[in-house]
Amino acid sequence: MSPHPTPGGPHPGGPSLKDAWDGLATAAGRQDPYPFYEAIRAHGELAWLKPGRLVVVGYDECDRALRDGRLHVQDAAGYDASVPGWREHSSLRAFTSSMLYSNPPDHTRLRAVAGFAFTPPRIRELRSVVEDMTDRLLERMAELGADGSPVDVIAEFASRLPVAVISAMLGFPEEDQVWFRDMASTVAVSTDGFGDPAALERADRAMDEMTGYFTELVARRRRDPRDDLVTLLTETHDGDPRRLGHDELMGTLMVLLTAGFETTSFLIGHGAMLAMEQPGFAERLRTEPDFAPRYVEEILRFEPPVHVTSRWAAADTELLGTPVPAGTRLTLIMAAANRDARRFADPARFDPDRTGNRPLSFGAGGHFCLGAPLARLEAAIALPRLFARFPGLAATEPPVYRDRWVVRGLDTFPVAVAA
Ligand code: HEM
């Protein structure tokens, strides 16, 4: 018998836990991971893949794990202990100097340095900037599709808005935004682990290019300060490098650019897809001013851009009565927690009118997404305006998902914009 008994039991005849887990890495799992999550859930909301390796799919269990200060994110020391040679990969190294890959006390310090710029009141001030950017992108889409040609709503809209907004906040020149978007997308594959050495190699090269770019930009802002975040972070570093070291400055810029770009683009992409599949929602986005925030929250629950995160137990702890010994590695599948029937009625149904909708899509606890107010604002502005500008918006081909698990969303989605 396993030293870590799993609560509940598998359905007779269902896949073993190992098969359900391994299935996530198959083509079918990449296409649609949800059946595999349910196959894992059949073995328990907390399931031991092996001693020391826990996968969590329950809502309360995930929520508790994300808030447990004894469960740490993988930081540089954690990589040193578990991934030989990781320091050779600049794409991994850069992120470990950021808040996302730090634990207290470093995490507390790094989050405070950038956090002031992302508070809900600061973000609300951006509303008219986001509206203007949205309208400019929609105008461009209208021009591209005026002759009836299909327009890729991901490439031309969903992925452009987030990069335009964060670039404006950080102070990146407008002409570099498409380059940033492509670099950030290449770098992001390192979040999917070490499965594909060629992709990791590409991520390293992109990271080196971006670091070179940031180094130059920081030097420029030192000479010629502006009213932007790069200038503020540079001044913080120059004023007291113990508050923000050089690598940490680079890591902070990198994480602010990359953490919010693909994620928000996938949120908008999923929102567009679901409203085209069920035109009643497009109509409500156009006509009901209060509908967009509820719609966005339900997209986050139903098709979250970030499916999974991980933690390791720095000390013995427990999750709702299950002992979790120090050293345990945990995979927290927030996308599965968002479909926990104990928490959400009829969880596989997309229903923006559900009440008390609090998905775990931005995480919880100390690492709760710093950009959540910004992502919500962007999507709640972008989607109603998209369907108001193009009432006849329709797919010309089915959307294609990117072949990734951790950060999951649409790669392409061609649509017709002309009525
Ligand atoms: C729909 C869009 C987004 C989703 C689904 C999302 C999701 C997440 C999740 C799940 C985490 C927690 C990871 C963990 O605990 O392991 C996180 C952290 C973070 N996110 Fe987001 N994010 C989004 C947009 C943004 C935006 C727009 C920004 C900023 C511009 C941003 C910046 C960050 C940062 C800096 C962290 C690290 C916070 C910390 O470690 O304290 N995110 N995000």
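Predicted model: local features only at pLDDT ≥ 70, side-chain atom pairs only at ≥ 80, totals over all residues.

Colleague: How many bridges join β1 to β2, and in which sense do they run?

Modeller: The general idea comes before the case. Strands of a sheet pair through backbone hydrogen bonds, either parallel or antiparallel. Two strands count as paired if DSSP finds at least two bridges between them. Helices (H or I, at least four residues) and strands (E, at least two) are DSSP runs, numbered from the N terminus. Here β1 (residues 46-50) and β2 (residues 53-56) are antiparallel and joined by 4 bridges. They form a hairpin with 2 residues between the strands. Gly52, in the turn, has a positive phi of about 85 degrees.

Colleague: In what order do the strands of the open sheet come?

Modeller: The order is β1-β2-β8-β5-β3, 5 strands with mixed pairing. β1 and β3 (71-72) are the edge strands, each pairing on one side only. β2 pairs with β8 in the parallel sense, over 4 bridges. Leu54 has Leu330 in β8 as its bridge partner. β5 (residues 308-313) and β8 (residues 329-333) run antiparallel, with 5 bridges. There Val308 stands opposite Ile333.

Colleague: Which helix lies across these strands?

Modeller: Helix α4 (residues 59-67) does, lying across β1, β2, β3, β5 and β8. Its angle to β8 is about 125 degrees. Axes are lines fitted to C-alpha atoms, for helices over the stretch in contact, and angles run from 0 to 180 degrees between N-to-C directions.

Colleague: Now helix pairs. At what angle do α14 and α15 pack?

Modeller: Two packed helices are described by the angle between their axes and the distance between the axes. Helix α14 (residues 229-239) packs on helix α15 (residues 246-259) at about 160 degrees, with the axes 10 Å apart. That makes α14 roughly antiparallel to α15. The classes are: under 35 degrees roughly parallel, over 145 roughly antiparallel, 65 to 115 roughly perpendicular, and the rest oblique. The crossing is right-handed. A crossing is left-handed if the near helix is turned anticlockwise from the far one by less than a right angle, and right-handed if clockwise.

Colleague: Which residues make the contact between α14 and α15?

Modeller: From α14 come Leu229, Val230, Leu233, Thr234 and His237; from α15 come His246, Leu249, Thr252, Leu253 and Leu256. Contact means heavy atoms within 4.5 Å. By class, the contact of α14 with α15 has 6 nonpolar, 4 polar and no charged residues. Ala, Val, Leu, Ile, Met, Phe, Trp, Tyr, Cys and Pro count as nonpolar, Asp, Glu, Lys and Arg as charged, and the others, Gly among them, as polar.

Colleague: What do the buried residues of α7 pack against?

Modeller: They pack against α14 and α15. In α7 (residues 106-115), the buried residues include His107, Leu110, Val113, Ala114 and Gly115. Buried means under 20% relative accessible area, exposed over 50%, partly exposed in between (1.4 Å probe, protein chains only). Look also at the loop between α6 (90-96) and α7, where Pro105 sits. The peptide bond from Pro104 to Pro105 is cis, with omega near 5 degrees.

Colleague: How do α11 and α20 cross?

Modeller: The axes of α11 (residues 160-170) and α20 (residues 372-389) come within 11 Å and cross at roughly 130 degrees. That makes α11 oblique to α20. Their crossing is right-handed. Leu161, Pro162, Val165 and Met169 in α11 meet Leu374, Glu378 and Ala382 in α20. By class, that contact has 6 nonpolar, no polar and 1 charged residues.

Notes:
Residues numbered from 1 in each chain as written. Heavy atoms only, no water.
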